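Please look over the sequence and the model before reading on.

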Amino acid sequence: MSNQLRTILAAVLCAVALFGEPVFEWVKNNVDIVNVVPDATVDEPSLENKELVDDIVKIDFSKEDADLVSCFFLELADVVGDDDKVIKTTGQFANFNVMAGILHFDTEFAGKYEGFGDAVEYAVQNAIGLENQSLTDSKRQDLVDVLEAVAWGVNQ
């Protein structure tokens, strides 16, 4: 994803977070989101992160959905890893994650893969904690690693 596209996405997400549902509805109704699913290769995560995504590995994703979800989480990991100006806290990441997921997937996964959202939340919370705190370099890397582990887990 280009830096310009990332900046636009971050601006849209910030606007939605600040101005709420009317902006979200406008974006949803006026912006066409094209799903391009490249063939993503994901490195095997550490043993610790494998354990965190074990519930995700147990979910039976279709190949198409697994590729789509994997690419989404790899892009999310790239954004988190490259950005230190917009996403500065774990709370900001949580909001960003929810809004990016809604914008990317709309409602197509709602109820389709039972327990997936909870499993992702569990993995992220166990990697970076429950408290809203600053994303230090170490905590940011932990978050990137667990997001990449989620991308790996959906393809197992």
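**The chain as a whole**

The structure is a predicted model. Its chain contains eight helices and zero strands, and from the N terminus on the elements run α-α-α-α-α-α-α-α. The chain has 156 residues, of which 39% count as buried. Among the contacts with a separation of 6 or more, 83% are between residues 24 or more positions apart.

| Helix | Residues in the helix | Span, first to last C-alpha | Expected span |
|---|---|---|---|
| H7 | 13 residues | 18 Å | 18 Å |
| H8 | 17 residues | 24 Å | 24 Å |

Helix H7 covers residues 116–128, and its reach is close to the value expected at 1.5 Å a residue. The reach of H8 is likewise close to its expected value.

Which residues of H7 are buried? They are Phe116, Ala119, Val120, Ala123, Val124, Ala127 and Ile128. Seen down the axis of H7, these buried residues fall within an arc of 140°, so they line one face of the helix. The cover over them includes H3, helix H4 (54–57), helix H5 (63–82), helix H6 (90–105) and helix H8 (137–153). After H7 comes Gly129, which has a positive phi, near 95°.

In H8, the buried residues are Lys139, Arg140, Leu143, Val144, Val146, Leu147, Ala149, Val150, Ala151, Trp152 and Gly153. Elements that cover them include H3, H4, H5, H6 and H7.

**The packing of H5 and H6**

Two packed helices are described by the angle between their axes and the distance between the axes. For H5 and H6, the axes come within 12 Å and cross at roughly 145°. This crossing of H5 and H6 is right-handed. On the H5 side, the contact is made by Leu68, Val69, Phe72, Phe73, Leu76, Val79 and Val80. On the H6 side, Phe93, Phe96, Asn97, Ala100, Gly101, His104 and Phe105 take part. Sorted by class, the contact of H5 with H6 has eleven nonpolar, three polar and no charged residues.

Thr90 is found in helix H6. Is Thr90 buried or exposed? Thr90 counts as buried, because its relative accessibility is 7% and the term applies under 20%. Leaving aside residues up to four places away in sequence, Thr90 touches Ile128, Glu131, Asn132, Gln133, Leu135 and Lys139.

Asn49 lies in helix H3 and, at 10% relative accessibility, counts as buried. With residues up to four places away in sequence set aside, Asn49 touches Asp145, Val146 and Ala149.

Ser46 is found in the loop between helix H2 (21–30) and helix H3 (47–52). Its relative accessible area is 38%, and Ser46 is therefore partly exposed. The C-alpha atoms of Ser46 and Asp145 are separated by 8.6 Å, although the two residues are 99 residues apart along the chain. Asp145 is also one of the residues that Asn49 touches.

How values were computed
Residues numbered from 1 in each chain as written. Predicted model: local features only at pLDDT ≥ 70, side-chain atom pairs only at ≥ 80, totals over all residues. Heavy atoms only, no water. Helix = DSSP H or I, 4+ residues; strand = E, 2+ residues; numbered from the N terminus. Buried < 20%, exposed > 50% of the residue type's maximum accessible area, 1.4 Å probe, protein only. Expected span 1.5 Å × (residues − 1). Arc of directions from axis to C-beta. Contact = heavy atoms within 4.5 Å. Axes fitted to C-alpha atoms, helices over the stretch in contact; angles between N-to-C directions. Left-handed = near helix turned anticlockwise from the far one by under 90°. Nonpolar A, V, L, I, M, F, W, Y, C, P; charged D, E, K, R; others polar.
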